[in-house]
Amino acid sequence: MNSTHMLLFCLRERLLDSDVISLACFLVEDLRASSPADLSHDEYQTAADWLRTHTRHRPEVAIICGSGLGMLADTLGCQESFAYSDVPGFPQSTVQGHAGRLVFGVLKGKMCVCMQGRFHMYEGHTLSKTTFPVRVFKLLGVKTLIVTNAAGSLADGLQPGDIMIIKDHINFPGFVGLNPLIGPNDDKFGPRFPAMSNCYDKELRCLATEIGKQLEITGLMREGVYAMVGGPNFESIAEARLLHRLGVDAVGMSTAPEVVVATHCGLRVFGLSLITNKVVKTYEDSDSVNHEGVLEVSRLRSVTVQQLVTELIGKMDINNNGPNDAGTKF
Ligand SMILES: O=P(O)(O)O[C@H]1O[C@H](CO)[C@@H](O)[C@H]1O
Ligand SMILES: Nc1nc2[nH]cnc2c(=O)[nH]1
């Protein structure tokens with residue numbers, strides 16, 4: 001008996017009133033609609049097979065470009081690119097600053113695939129669709145995922161233009177059941193109960209800090225905790241204060257689902273947030289954030305982010321799969 005049958009049974013037996021039943025059925029359906037159980041293994045495999053037959057590239061590193069950071073993909077050598085609309089199963093990008101192209105190419109001698117545009121829950125995509133490319137990358141043989149995003153800062157020491165290496169995240173939507181792993185577990189990808197305590201690889205974080213020193217950008221860099229909220233609205237002042245008190249350094253509307261799915265399937269993850277604005281925390285402050293401002297700061301810093309990511313890819317040991325790799329099952 002599934003949850004809906006259970007609720008209908010309660011109704012028949014007059015255990016609950018009909019309004020409660022309708023609401024509960026709606027919530028159950030809603031949760032189900034947002035779970036990856038609505039995609040079969042074959043759907044990921046079809047996309048991976050299609051890509052394998054359309055490109056000779058065999059990427060080891062995947063990069064997800066945050067808002068306004070798509071220029072990273074332009075630096076790949078020997079490029080081949082595909083519109084998301086051409087790849088079976090890929091959703092469409094609907095947000096300004098997210099071009100909607102998958103770019104394959106070579107960076108510092110490593111085969112890479114770059115998402116010029118990511119998918120967000122607030123666009124109306126299910127979480128399975130939001131994270132769809134990550135599992136496709138796994139099937140393509142990718143070992144390391146690099147996620148980038150634009151984020152607002154709550155930490156006093158983080159200014160617009162700074163780069164925060166993500167040490168950990170808080171997946172707020174996950175607290176209310178909006179987790180991409182909800183639904184029957186696909187054991188071919190990973191375990192039912194994956195650990196998240198090592199999801200941002202320590203070695204890669206240290207390497208990025210070293211590279212920051214070489215690039216003489218340590219003044220712009222620090223580690224911190226990223227929190228994902230659902231969006232699409234930016235934070236109210238009371239919400240900003242709450243996040244600040246909870247120890248959040250930077251907030252955005254993406255990344256956590258991708259990282260959860262990547263960690264589940266044993267990918268090594270590196271993440272960074274480009275701080276595009278300070279989140280307003282006082283009622284006296286008349287500033288307010290907007291997406292155009294976010295994109296502008298991203299573009300201004302995109303070359304620095306590009307240099308950092310490029311050097312990181314060049315120097316990373318591709319054969320070290322990190323602590324989450326339980327061995328591939330394909
Ligand atoms: O997280 P990325 O995709 O970088 O984008 C961030 O910027 C947008 C808001 O300006 C939101 O989508 C937020 O998540
Ligand atoms: N939620 C949220 N997302 C962002 N993305 C870029 N800046 C912000 C911000 O201030 N808040």
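User: Which strand gives the most to the shell around ligand 2?

Analyst: In this predicted model, local features need pLDDT of at least 70, side-chain atom pairs count only at pLDDT 80 or more, and totals for chains, interfaces and linings use all residues. Residues are numbered from 1 along each chain as its sequence is written, while chains are lettered from A and ligands numbered from 1 in the order in which they are written. At least two shell residues each come from strands E5 (144-153), E8 (250-252) and E9 (268-278), strands (E, at least two residues) and helices (H or I, at least four) being DSSP runs numbered from the N terminus. With three residues, the most is given by E5.

User: How many charged residues does the shell around ligand 2 have?

Analyst: The residues that come nearest to ligand 2 are Ala150, Gly152, Val251, Gly252 and Val294, out of 15 around it; a residue is near if its C-beta atom, placed from the backbone, lies within 6 Å. Ala, Val, Leu, Ile, Met, Phe, Trp, Tyr, Cys and Pro count as nonpolar, Asp, Glu, Lys and Arg as charged, and the others, Gly among them, as polar. The shell has nine nonpolar and five polar residues, and its charged residues number one.

User: Which residue of E8 stands opposite Ala227?

Analyst: Strand E7 (residues 221-228) runs parallel to E6 (residues 163-171), joined by eight bridges, and Ile170 faces Ala227 there. E7 also pairs with E8 in the parallel sense over three bridges, pairing requiring at least two DSSP bridges. In E8, the residue opposite Ala227 is Val251.
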